[in-house]
Amino acid sequence: MEGSASCRYQLLDLPWEDVLVPHVLCFLPMHHLVILQRVSKQFQALIQVYLANCRSFDLSQVGPCIPKQAFCNMLRDNKVLQNLTLQNCSEWVTDKELLPVIGQNHHLHQIDMNGCDRLSRQSLVAVSLSCAHLKHLSLAHCEWVDSLSLRSLADHCVGLESINLTACRQLKDEAVCYLARKCLKLKSLSVAVNANISDVSVEEVAKNCPQMEHLDLTGCLRVRNESIRY
């Protein structure tokens, strides 16, 4: 009995990268991981190892009030992200916090920036230069998106399959047409809530994007029924 008692193992005695990270922590929701790293310095180090290797980072799972510094610390070592969702930090995230994350993650396939109104065109240009394999991008209610930054995205992310540009009111027909001519694999596009969009954009999308399945034109008052039937 004495021998068996002396051989007791604790959770942190298990191999971190071979056992705990791929077979235990991957099943915990993000808000549990945030709590767990507060237990001790060892747990904090373990969670940091996990975060450095995770492929998906979704802040909608954390809660409404993740501190800015916590966001930066959680992603500082990650270079393998494929999915990044910035919900719950839209009120404070700026280029300063986001650019280092984008700059060191070149395998991102999906990014959700919905409502991140404190960012600037610099973030979208960084995405276009760093994320050549990007397939899904959501920029709804990001009124800082302009024609030049969207053209940069279209030039560098030609494999884009879906993009949400709802309420990106700086954009006009010229930018949407350029996107349609460059990103021929588009399946889903929203240019809703933008009075600048007209029949010209709709016809260009129809002509260049044969795989298009979803086109949201809600609130595009200059678009006529004739072009939709086109």
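Predicted model: local features only at pLDDT ≥ 70, side-chain atom pairs only at ≥ 80, totals over all residues.
Local features need pLDDT of at least 70, side-chain atom pairs count only at pLDDT 80 or more, and totals for chains, interfaces and linings use all residues. Residues are numbered from 1 along each chain as its sequence is written, and side-chain values use heavy atoms, with hydrogens and water left out.

Helices (H or I, at least four residues) and strands (E, at least two) are DSSP runs, numbered from the N terminus. Helix H9 (residues 173-182) packs against helix H10 (residues 199-208) at an angle of about 0°, and their axes are 9 Å apart. H9 is therefore roughly parallel to H10, a term for angles under 35 degrees. Asp173, Val176, Cys177, Ala180 and Arg181 of H9 meet Val200, Ser201, Glu204, Val205 and Asn208 of H10 in a contact, defined by heavy atoms within 4.5 Å.

In helix H8 (residues 147-156), the buried residues are Ser149, Leu150, Ser152, Leu153 and Ala154. Buried means under 20% relative accessible area, exposed over 50%, and partly exposed in between (1.4 Å probe, protein chains only). The elements covering these residues of H8 include helix H7 (121-130), strand E4 (136-138), strand E5 (162-164) and H9.

The structure contains 0 disulfides, a disulfide being a pair of cysteine sulfur atoms within 2.5 Å. For cysteine 26, which is in no disulfide, the nearest cysteine sulfur is that of cysteine 54, 11 Å away. Cysteine 26 is partly exposed, with a relative accessible area of 37%. Cysteine 157 is buried, at 0% relative accessible area; its sulfur lies 6.6 Å from the closest cysteine sulfur, in cysteine 131, which is too far for a bond.

Technical notes
Axes fitted to C-alpha atoms, helices over the stretch in contact; angles between N-to-C directions. Parallel < 35°, antiparallel > 145°, perpendicular 65-115°, else oblique.
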